[in-house]
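Please keep the sequence and the model in view while reading.

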Amino acid sequence: MRQIDEAEQPEYREIGSECAASLEDPVSRIAAERFGVSYLYPLQRMAMANILDSVHRDEPFRQLVLFPTGFGKSLCFQLPALLLPGLTLVVYPLLALMNDQKRSLEKRGIASCLIRGGMDETERLSCMKNLEEGRYKILITNPESLIQPKLAAFLERLGIFHAAVDEAHCVSEWGETFRPSYLELGSCLTRLKPKVLSAFTATASPVVASAIVERLFGKENYSLVTADMDKPNLKYSVCQTGSASHSLCRLLGELPKPAIVFGQSRAGVRRICEMASERTGLETRFYHAGLSRQEKEDTEAWFLGSKDGVLAATCAYGMGVDKKDIRTVIHFSSPSSAEAYIQEAGRGGRDGEACRAILIHDVLREGEDTEIESKNRDKSPTGPDLSRKARSESFRAYPRGRGCRRESLLAMMGSSLESPCSGCDVCEGEARSEDEAEGLVELFAFLKAHPGRFSKADCIRLLLGDEKGEPPCCAGSGALSSWEPKDLRALLTGALAKKLVIQAERGFRKGRLYPHL
């Protein structure tokens, strides 16, 4: 394996003339004229050079490209496609991403076609005929479609020059759970024999990167092109809370929009959408893989054009759909891994402007399996290094950590922070500990002032500010007046379950509450 890193860039030749930015260079000219990009990063040019130089290579070439979100991965295979002598095949994991990329190519006048499941047969045959006649430079598809014998045989006869697997971490993260087609992808690509095979992803720990290489490249040599995964314009924060629902609605009311809220299940994002819409009055929609094609396209179009909307989504919207001005990314619950979190947080601030990335950490649900974790518990791979559960357990330390958030995330990815943190709640002195979680602070203060005096119903009524029949001087009354009653009830129920609050079981104070000392 040959690793190419930023420090080595001057050692390697670039495409075209000595001046990389010169418009006399065809790559720079096409970048400016067809893609509206006036400057190419050195690492982008290196990834492109690897592809273009293969025109003159005798042996097949393979590369793993690890670029941060927003660095311009798509350009690295879209632009060379216009200069290559053959077809570029691009494999995406999600229909939303496939549609987004096709729209982007059409806007730039680049001939491409999309083959997916459920296509009208006439449309499919027309696409294949145009491919045979060389009318398209790029074919967009997904693993499930590509491994179908008829399409694979057709492409084998047609010949593929460059095959690019985008969001390649899915080969490991999804192939080993609910997308078995990813496990067949490597053998299918081997059969197609592309001159160049590239795997692109924004986030891959050493373990996941190794799995990508094993699944797609086997024992063949490959080049690694990598860049710093840190996005300085993202400010990472953790919201310690006793009620994820209350904190989410508060954050959505306070922070800039457009915003995206990630949940872990289809039912979960529907609930998030309904709750946020009802409580905040913001226009909110949801997105997940179970929507119809038309529903997905309508939601994508709405969010792409929205300036103040909120999208509640599963990871089905999480990769690569190109909305550049997302100002806030909130995770309603802990994602499955550091890779997933960095990938999804990276949806924000793709225009380079400031963006908040906030993980809501409900301290009263700590240790509980999420809906998706419970579903996939028995589907995890047996190897401990590739276990989704192991990566999930590793990430659970993140919200409890007292060190720099950015440094912690990079460390989990096998990297390090090379410069001072550009923004996180810890480094800026804003972080709360779990003991200072929103709602719990006020609840404990109230119970310490009135130990054994009030029942659960009394506490809820008084904390909400209803002092009817009680002395107006009751300490802590109204401390949680901004809360919804059901959130406060859930807070108390959770605190009792965790034994942070004790309820007397006998005696004349039976049913009264005490803080756990």
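Pockets are found here on a 1 Å grid over the protein atoms alone: a pocket is an open set of points with protein on both sides within 12 Å along at least five of seven lines, whereas a cavity is a set of points where a 1.4 Å probe fits but cannot get out; lining residues have an atom within 4 Å of a point. Grid points are joined across faces, edges and corners, and a volume is the space filled by probe spheres set on the points. By this account the second largest pocket holds about 800 Å³ of space. It is lined by 29 residues, of which Ser104, Arg108, Asp322, Lys324 and Arg350 are the closest to its centre. The elements contributing two or more residues to this lining are helix H3 (73–81) and helix H4 (95–107), and H4 provides the largest share, six residues. Sorted by class, the lining of the second largest pocket comprises eight nonpolar, 10 polar and 11 charged residues; Ala, Val, Leu, Ile, Met, Phe, Trp, Tyr, Cys and Pro count as nonpolar, Asp, Glu, Lys and Arg as charged, and the others, Gly among them, as polar.

The model is predicted, so local features need pLDDT of at least 70 and side-chain atom pairs count only at pLDDT 80 or more, while totals for chains, interfaces and linings use all residues. Residues are numbered from 1 along each chain as its sequence is written, and side-chain values use heavy atoms, with hydrogens and water left out.

The secondary structure of the chain amounts to 20 helices and 16 strands, taken as DSSP runs numbered from the N terminus (helices, H or I, of at least four residues; strands, E, of at least two). Of the 517 residues in the chain, 55% are buried, where buried means under 20% relative accessible area, exposed over 50%, and partly exposed in between (1.4 Å probe, protein chains only). The chain exposes about 22500 Å², and carbon and sulfur atoms supply 49% of that area; the areas come from the Shrake-Rupley method with a 1.4 Å probe, and for residues only the protein chains shown count as cover. Among contacts (heavy atoms within 4.5 Å) in the chain between residues at least 6 apart in sequence, 75% join residues at least 24 apart.

Two strands show how the pairing is arranged; strands pair if DSSP finds at least two bridges between them. Strand E7 (residues 196–201) has six of its six residues buried. In a regular strand the side chains alternate between the two faces of the sheet. In E7, Val196, Ser198 and Phe200 lie on one side and Leu197, Ala199 and Thr201 on the other, and all are buried. Strand E2 (residues 61–66) pairs with E7 in the parallel sense over six bridges, with leucine 66 opposite threonine 201. Strand E6 (residues 162–165) also runs parallel to E7, joined by four bridges, and alanine 163 has leucine 197 as its bridge partner.

Strand E5 (residues 138–141) directs Ile138 and Ile140 one way and Leu139 and Thr141 the other way, and all are buried. Strand E4 (residues 112–114) pairs with E5 in the parallel sense over three bridges, and leucine 114 stands opposite isoleucine 140.

Among the helices, H11 (residues 244–254) is mostly covered, with eight of its 11 residues buried; Leu248, Leu251 and Leu252 are among them. Leucine 409 belongs to helix H17 (residues 405–412) and counts as buried because its relative accessibility is 2%. Apart from neighbours within four places in sequence, leucine 409 contacts Tyr236, Tyr341, Ile342, Phe395 and Tyr398. The C-alpha atoms of leucine 409 and tyrosine 398, 11 residues apart along the chain, are separated by 7.6 Å.

Loop positions can be buried as well. Serine 333, in the loop between strand E13 (328–331) and helix H14 (338–345), is buried because its relative accessibility is 16%. Beyond its neighbours within four places in sequence, serine 333 touches Phe262, Gln264, Leu359 and Ile360. Glycine 349 sits in the loop between H14 and strand E14 (355–362) and is buried, with a relative accessible area of 2%. Neighbours within four places in sequence aside, glycine 349 is in contact with Lys231, Asn233, Lys324, Ile326, Arg327 and Cys355.
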